Amino acid sequence: MESFSAYTNQLGEFAGKVLLSPAGSYNTHEIQSSLFSARQLELHLRSLIPISELRDAGSFFTGDDLADEAVGLLPNSIARSSIVVDPACGAGNLLIACSRKLPVNKSSLRKTLSDWGQCLFGLDLFEEFVETTKLRLILEAVSRGVRPDLSDLNDAKGLLPHIQEGDAFENEDVLKCATHVIVNPPYYKMPAGSSCEWAVGKINAAAKFMQHIADYTRPGTSVSAILPDVLRSGSRYEKWRGLIAEKLKCTIFPSGRFDQKTDVDVFLLSAVVENSIDTPNWLGLGPVETCVGDFFEISIGPVVPYRDKQDGEAVPYIHPKNLTVWDEICDREITETWKYSGALKQPPFVAIRRTSSPSDTFRAAGTLVIGKQMIAAENHLIIARPKSGSIDDCRKLLRMLRNPDTNNFLNQRIRCRHLTVSAVREIPWVGGDVF
Ligand SMILES: C[S@@+](CC[C@H](N)C(=O)[O-])C[C@H]1O[C@@H](n2cnc3c(N)ncnc32)[C@H](O)[C@@H]1O
């Protein structure tokens, strides 16, 4: 992140000038539209740091509207006596949104920052981000009409002592004293670690952050978090959801795409730390009478072309590129073959594309496959086989998948870019004469 210091230095020069100028020299608009703004910050971040590095560090900063929404979802409001912690503060977007709930002393920047400095706590792995957070909080105070009665920028930064460089996983004390925790954690993959009770291998860092917060905060702490949708809807995170719900009394708000440039869907979690027996409605769905899983066996196509050795008998082979969406295809018309000794699929069935985004016209796009021969299905397909063995039931399913209600259901149920077996199983079955 060193290259980011080009921005931090420029921002420091600007903040230094603001402090040395007579009170009122810079109005709110001038400061808010300067380098200080979330927009300028984002532009500089992306131009100075390669996207791969941003991804590895999980450094995607929250836009103003989402930051305000997250602050609004803190169950208890922020007051002067609060201790507000952002354990992954980045360049301070969430802490700045929180500071807007704190009063200012118009006649004194020193007094205002001293008060804010006792309320606002932040950690980040990168020194450049920590420095930027402090500069932006100083500018935020001046933009609210506070008289700069400090001319030395270092003195001003020294009034924000609890915004520090550090690893959230090694600084749990800060969580123990929090009254409020607000967080948009990194979403990179990290090892679950031997102490993880709910997963092995790699997990999303956001899940580990939330578990850490749940483990170390005191009862009564207000929590607001911006989290990747996979934690809300992915089967891999089911146990994690159970553990979080035991410690936090949560309300869940599906949100949508993080921002225009970051293709990941998020949700907001608002919670109070308390032992809870309630299960939050993670999926935001009402009860359904019957669902696709009652009539179809749902499975993932098992063929992984880059991994599987072709060591069996040659059989017709399907994958998303040789199937036409909403079409019907007979085994004899499938020209590609795969030598496969693994599990084959017996038609009739509906092959549904796994790759799926909320921006697609159809979230679950299917093709009916009929015939007598066993079929090898690739891993980017979900196979829905009717328990009845009936082609008519497959046709009903295809019609249902095209129905806007199915799209609406899936957009609520799973916003990640891949459908899961459980999401398809849970699609409400309308069936019958409706189609
Ligand atoms: C998604 S960004 C959010 C930043 C800021 N809170 C916001 O909403 O704009 C996550 C931040 O977490 C920081 N981070 C990653 N791992 C961390 C860790 N173990 N401890 C503290 N900060 C970490 C990254 O440097 C990054 O700035």
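**Reading a domain interface**

Modeller: We begin with separation: in this predicted model, the C-alpha centres of domain 1 and domain 2 are 42 Å apart. Domain 1 comprises 2–55 + 63–273, and domain 2 comprises 292–434, according to the domain assignment.

Biologist: How many residues of domain 1 and of domain 2 are in contact?

Modeller: Nine residues of domain 1 touch nine residues of domain 2.

Biologist: What area do domain 1 and domain 2 bury between them?

Modeller: The size of an interface is often expressed as the accessible area lost when the parts come together. Here domain 1 and domain 2 bury about 720 Å² between them, with 38% of it on carbon and sulfur atoms. Of the area that domain 1 buries against domain 2, Arg232, Ser233 and Asp265 supply 50%, more than any other three residues.

Biologist: How many salt bridges does the rule find across the interface of domain 1 and domain 2?

Modeller: The rule finds two salt bridges there. Asp265 pairs with Arg415 in a salt bridge whose closest N and O atoms are 2.6 Å apart. Between domain 1 and domain 2, five residue pairs are in polar contact, both residues being at pLDDT 80 or more.

Biologist: Which elements give two or more residues to the side of domain 1 that touches domain 2?

Modeller: These elements are α12 (229–233) and β9 (262–273). The most comes from α12, with four residues. By class, this side of domain 1 has two nonpolar, three polar and four charged residues.

Definitions and conventions:
Residues numbered from 1 in each chain as written. Predicted model: local features only at pLDDT ≥ 70, side-chain atom pairs only at ≥ 80, totals over all residues. Heavy atoms only, no water. Domains from an automatic or database assignment. Contact = heavy atoms within 4.5 Å. Buried area = accessible area lost by both parts, 1.4 Å probe. Salt bridge = Lys/Arg side-chain N within 4 Å of Asp/Glu carboxyl O. Polar contact = N/O pair within 3.5 Å; in protein donor to acceptor, adjacent residues only side chain to side chain. Nonpolar A, V, L, I, M, F, W, Y, C, P; charged D, E, K, R; others polar.
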